[in-house]
Amino acid sequence: GQVVMICGEEGLGKSHLLENFLNSLAPDSAEVMRLYGAPHARGNVLHPIISNWQRQSGIDSSDSTRVKLEKLQRRLGQLGSSDPDDLALIATLLSIPPGEHAKRSRPSPATLKTRTLNLLVSQIIRRCLEQPIVVVFEDLQWLDTSSLDFLSLLMQKSPQLPLMIIGSHRPQFNPRRPDEAGTRVIELGYLDPEGCLYIAGRRKN
């Protein structure tokens, strides 16, 4: 596994660098999972992960509860899971009433969070067994605490997996890196005058 952090001020080309890398990947060589931080969603628990599950499951806000559960169950089946407990956990995460799939005993919020994070990470690990995965976290500075916990747990599991984790963030943000030695940091800075002249010269040519 590899972990790469791209650090730079707004507008310096973090997203451009990411796009160039992702476009350089050979077709079907890896699955790409993109998670986006956003300032307006910073207070929403696991918002980037929830949004990703909704997109991948094809869930629309206008769908009925039954249709949402069917779509979620179909997506879990594609990922190799038929466990009703998994369906109940993900449904709860997506604010979908799990109905008959819910356990009668209600775990504490801390236990529920731990189970959910472990399930989310285990799903990625399971997919890694089929093909390499690139997980991209854009704008880490806007992630909520639980999403950062998810990232930290995934990083802990990544060394022995065909998994690449890429995160982008502004300099004011200090990401938690469990394995400092195994993390590559790319720091983007402003061009000096010589660099500006070089770029200008290339554009003229």
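Predicted model: local features only at pLDDT ≥ 70, side-chain atom pairs only at ≥ 80, totals over all residues.

Stop 1: Switch to cartoon view and find the open sheet of 5 strands, which run in the order β2-β3-β4-β1-β5 with parallel pairing. Colour residues 31-36 and 183-187 to pick out the edge strands, β2 and β5, each of which pairs on one side only. Look along the sheet and you'll see neighbouring strands turned by 15° against each other on average, direction ignored.

Now select residues 2-7, which make up strand β1; this strand and β5 pair in the parallel sense over 5 bridges. Click on C7 and look across: E187 in β5 stands opposite.

**Stop 2: two crossing helices.** Select residues 84-93 for helix α4 and 109-128 for helix α5; they pack at an angle of about 110°, and their axes are 10 Å apart. That angle is why α4 counts as roughly perpendicular to α5. Show side chains at the contact: D86, L89, I90, T92 and L93 come from α4, while α5 brings L112, R115, T116, L119, L120 and Q123.

**Stop 3: a pocket.** Stay with these helices, as α4 and α5 each supply at least two residues to the lining of the second largest pocket. This pocket holds about 190 Å³ of space. Its lining has 13 residues, and to land at the centre, select V45, L46, L93, L112 and T116, the closest ones. Which helix gives the most to this lining? It's α5, with 5 residues. By class, the lining splits into 8 nonpolar, 4 polar and 1 charged.

**Stop 4: the cavities.** How many cavities of 30 Å³ or more does the structure hold? There are 2.

For the largest cavity, with about 50 Å³ of space, select M33, I49, W53, L120, Q123, I124, R127 and F150. Two elements give two or more residues to this lining: α2 (47-57) and α5. Helix α5 gives the most, with 4 residues. Of the lining residues, 6 are nonpolar, 1 is polar and 1 is charged.

The second largest cavity has about 30 Å³ of space, and N52, W53, Q56, R75, L79 and R127 line it. Here the largest share, 3 residues, comes from α2. The classes in this lining are 2 nonpolar, 2 polar and 2 charged.

Methods
Residues numbered from 1 in each chain as written. Heavy atoms only, no water. Axes fitted to C-alpha atoms, helices over the stretch in contact; angles between N-to-C directions. Parallel < 35°, antiparallel > 145°, perpendicular 65-115°, else oblique. Contact = heavy atoms within 4.5 Å. 1 Å grid on protein atoms, 1.4 Å probe; cavity = no way out; pocket = protein on both sides within 12 Å on 5 of 7 lines; lining within 4 Å. Points joined across faces, edges and corners; volume = space filled by probe spheres on them. Nonpolar A, V, L, I, M, F, W, Y, C, P; charged D, E, K, R; others polar. Pairing = 2+ DSSP bridges.
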